[in-house]
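Please read the points below with the coordinates open beside them. They are meant as a colleague's note, to be checked against the model itself.

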Amino acid sequence: MTAEAAVEAREPGAPKIDVRQLNAWFKLNHALRNVSLTVPDNSVLAIIGPSGCGKSTFVRCLNRMHELVPGARQSGKVLVDGQDLHARRVLWEAGAPAEIVF
Ligand SMILES: Nc1ncnc2c1ncn2[C@@H]1O[C@H](COP(=O)(O)OP(=O)(O)OP(=O)(O)O)[C@@H](O)[C@H]1O
Ligand SMILES: [Mg+2]
């Protein structure tokens, strides 16, 4: 399914982004621990916390930059429009429109 088709297929009221039990590591450093949240469509999410708490790591998991870091790994699921971000056919497609300033 394309990203456009997933948007059309999404149930009314279903979250735009659904993060389930997301964990992320840099080698042995467990940077994100069981993060679960949903983001409604047409909304703004602010992530606030002290330096080093994992804000940028969380965002990098959403745009698939985290997996590019040598030694980094993650577990859990991120659904965008109901589609698993890591399903092969949505590789980059869902993340491509995202522009990020860290
Ligand atoms: N490329 C990396 N390699 C190894 N460890 C990293 C890397 N990037 C982040 N970390 C570690 O992951 C944890 C979370 O860091 P992250 O950069 O996500 O925090 P942050 O909340 O964005 O901090 P800041 O407010 O300073 O931007 C920290 O322990 C940090 O040292
Ligand atoms: Mg940061």
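The points that follow go from the conventions and the overall chain to one helix, the ligand and a few individual residues.

1. Conventions. This is a predicted model, in which local features need pLDDT of at least 70 and side-chain atom pairs count only at pLDDT 80 or more, while totals for chains, interfaces and linings use all residues. Residues are numbered from 1 along each chain as its sequence is written, chains are lettered from A and ligands numbered from 1 in the order in which they are written, and side-chain values use heavy atoms, with hydrogens and water left out.

2. Overall chain. The chain contains two helices and four strands, where helices (H or I, at least four residues) and strands (E, at least two) are DSSP runs numbered from the N terminus. Taken from the N terminus on, the order of these elements is α-β-β-α-β-β. Of its 102 residues, 27% count as buried, a term that stands for under 20% relative accessible area, with exposed meaning over 50% and partly exposed the range in between (1.4 Å probe, protein chains only).

3. Surface and contacts. The accessible surface of the chain is about 6700 Å², and carbon and sulfur atoms hold 56% of it; areas come from the Shrake-Rupley method with a 1.4 Å probe, and for residues only the protein chains shown count as cover. With contact defined as heavy atoms within 4.5 Å, residues 24 or more positions apart supply 55% of the contacts in the chain that have a separation of 6 or more.

4. Helix H2. In H2, which spans residues 55–62, the buried residues are Thr57, Phe58, Arg60 and Cys61. Viewed down the axis of H2, these buried residues fall within an arc of 165 degrees, so they line one face of the helix; the arc is that of the directions from the helix axis to the C-beta atoms. In general, an α-helix has 3.6 residues a turn, so residues three or four places apart point the same way. The buried residues of H2 pack against strands S1 (17–26), S2 (29–39) and S3 (72–80). After H2 comes Arg64, with a positive phi near 70 degrees.

5. Surroundings of ligand 1. The shell, made of residues with a heavy atom within 4 Å, includes Phe26, Asn29, Lys55 and Arg60, and its residues divide into four nonpolar, six polar and two charged. H2 gives the most to this shell, with four residues.

6. Taking a polar contact with the ligand as a pair of N or O atoms within 3.5 Å, oxygen atoms of ligand 1 lie 3.1 Å from a backbone N or O atom of Gly54, 2.9 Å from a side-chain N or O atom of Ser56 and 2.5 Å from a polar side-chain atom of Thr57. Taken alone, ligand 1 exposes 630 Å², of which the protein buries 57%.

7. Backbone points to check. Gln21, in strand S1, has a positive phi near 50 degrees although it is a residue other than glycine, and Gln21 is partly exposed at a relative accessible area of 45%. Asn42, in the loop between S2 and H2, likewise has a positive phi, near 55 degrees, and Asn42 is exposed, with a relative accessible area of 77%.

8. Lys27. Where in the chain is Lys27 found? Lys27 belongs to the loop between S1 and S2 and is exposed, with a relative accessible area of 62%. Lys27 and Gly71 are 44 residues apart in sequence, yet their C-alpha atoms are 5.1 Å apart in space.

How values were computed: Polar contact = N/O pair within 3.5 Å; in protein donor to acceptor, adjacent residues only side chain to side chain. Nonpolar A, V, L, I, M, F, W, Y, C, P; charged D, E, K, R; others polar.
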